[in-house]
Amino acid sequence: MATGQKLMRAIRVFEFGGPEVLKLQSNVAIPIPKDHQVLIKVQACGVNPVDTYIRSGTYSRKPLLPYTPGLDVAGIIEAVGESVSAFKKGDRVFTTSTISGGYAEYALAADHTVYTLPEKLDFKQGAAIGIPYFTAFRALLHSARVKAGETVLVHGASGGVGIAACQIARAYGLKVLGTAGTEEGQKIVLQNGAHEVFNHKEANYIDKIKKSVGEKGVDVIIEMLANVNLSNDLNLLSHGGRVIVVGSRGPIEINPRDTMAKESSIIGVALHSSTKEEFQQFAAALQAGMETGWLRPVIGPQYPLEKVAQAHEDIIHSSGATGKMILLLK
């Protein structure tokens with residue numbers, strides 16, 4: 001380490017495994033931005049289910065060890081590389097990705113993954129935009145190619161991506177149905193764009209959805225837990241309906257015949273497959289949502305950096321998501 005280099009607190013992972021491998025260290029060198037990079041003083045960082053998959057070593061992409069988790073941060077530009085013209089020290093920003101990891105007091109990011117955070121949104125809300133809203137937008141507009149007037153069911157609508165999907169779908173003229181597992185979650189879903197909400201812990205909730213949509217079925221299902229719901233989803237679809245798989249935590253048995261008569265599709269979505277141009281398109285649409293007011297992140301549980309292992313435990317095992325989980329670094 002260069003002498004005189006400034007140090008920060010950051011979470012470091014030295015081996016893949018359970019939440020206990022997340023180690024808080026206070027002697028991590030603050031990175032220095034080069035070329036098209038910016039250094040952000042992190043105020044808040046989103047916690048996403050994908051963070052836990054990467055940490056466990058079971059995800060398709062494995063970072064080089066040791067690493068700091070965290071993709072979507074909100075904060076203030078501290079320094080910029082020599083090729084950066086869009087941002088300057090003091091700007092309020094949020095990211096869809098980081099280079100050095102967001103569970104830290106400072107994070108390095110490529111300038112094309114950084115976006116201006118409007119004054120009307122605070123840093124907690126800024127940390128809830130990146131992964132959830134860009135994923136929901138890709139799922140609805142890019143993967144499902146939704147059209148105004150179609151019906152969308154957001155299966156697991158009370159978490160970060162679910163709320164984002166409800167708000168986007170409502171803004172784009174869809175009929176929005178959501179499911180949630182708690183009373184509080186159901187209330188949040190209705191407050192954030194859903195026309196109707198169903199309790200997915202009730203034994204007969206699928207029948208209630210069928211009754212609501214009638215013979216035609218649901219045009220698009222945004223699915224957060226495909227390993228539990230996919231078989232039911234196929235029976236709910238309309239002719240030409242699409243299930244967009246945003247999340248799955250294991251295998252499931254389905255009957256492929258359920259896709260045939262309706263000529264339905266099962267489409268997976270991965271935000272990191274987006275091109276730079278697609279990210280810019282998504283960002284433009286979402287910035288418009290911030291300006292006009294329909295993009296309003298709902299903040300869920302909040303944790304200090306010291307409690308990050310608990311956050312990783314809770315995001316997978318809590319009884320029902322309500323809003324976006326974040327780490328606070330102030």
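This is a predicted model: local features need pLDDT of at least 70, side-chain atom pairs count only at pLDDT 80 or more; totals for chains, interfaces and linings use all residues.
Residues are numbered from 1 along each chain as its sequence is written, and side-chain values use heavy atoms, with hydrogens and water left out.

Back to the cavity. Its lining residues (an atom within 4 Å of a point) include Tyr-133, Ile-163, Val-298 and Lys-324. Helix H3 (130-143) and helix H4 (160-171) are the elements that give two or more residues to this lining, and H4 gives the most, with three. Helices are DSSP runs of H or I with at least four residues, strands are E runs with at least two, and both are numbered from the N terminus.

A pocket, by contrast, is an open set with protein on both sides within 12 Å along at least five of seven lines. Among the residues lining the second largest pocket are Gln-5, Lys-6, Glu-78 and Tyr-106. Here are the two spaces together, with volume as the space filled by probe spheres set on grid points joined across faces, edges and corners. In the classes, Ala, Val, Leu, Ile, Met, Phe, Trp, Tyr, Cys and Pro count as nonpolar, Asp, Glu, Lys and Arg as charged, and the others, Gly among them, as polar.

| Space | Volume | Lining by class |
|---|---|---|
| Largest cavity | about 40 Å³ | seven nonpolar, three polar, one charged |
| Second largest pocket | about 160 Å³ | seven nonpolar, one polar, two charged |

Now for some helix packing. The axes (lines fitted to C-alpha atoms over the stretch in contact, with angles from 0 to 180 degrees between N-to-C directions) of H1 (residues 49-56) and H9 (residues 308-317) come within 9 Å and cross at roughly 115°. That makes H1 roughly perpendicular to H9, a label covering 65 to 115 degrees. In contact terms (heavy atoms within 4.5 Å), Pro-49, Asp-51, Thr-52, Tyr-53 and Arg-55 of H1 meet His-312, Ile-315 and Ile-316 of H9. That contact has four nonpolar, two polar and two charged residues.

Most residues other than glycine have a negative phi, and most peptide bonds are trans. Asp-35, in the loop between strands E2 (22-29) and E3 (37-46), has a positive phi near 40°. The Leu-65 to Pro-66 peptide bond is cis, with omega near -10°, and Pro-66 lies in the loop between H1 and strand E4 (73-80).

Notes: Angles under 35 degrees count as roughly parallel, over 145 as roughly antiparallel, 65 to 115 as roughly perpendicular and the rest as oblique. On a 1 Å grid over the protein atoms alone, a cavity is a set of points where a 1.4 Å probe fits but cannot get out, and a pocket is an open set with protein on both sides within 12 Å along at least five of seven lines; lining residues have an atom within 4 Å of a point.
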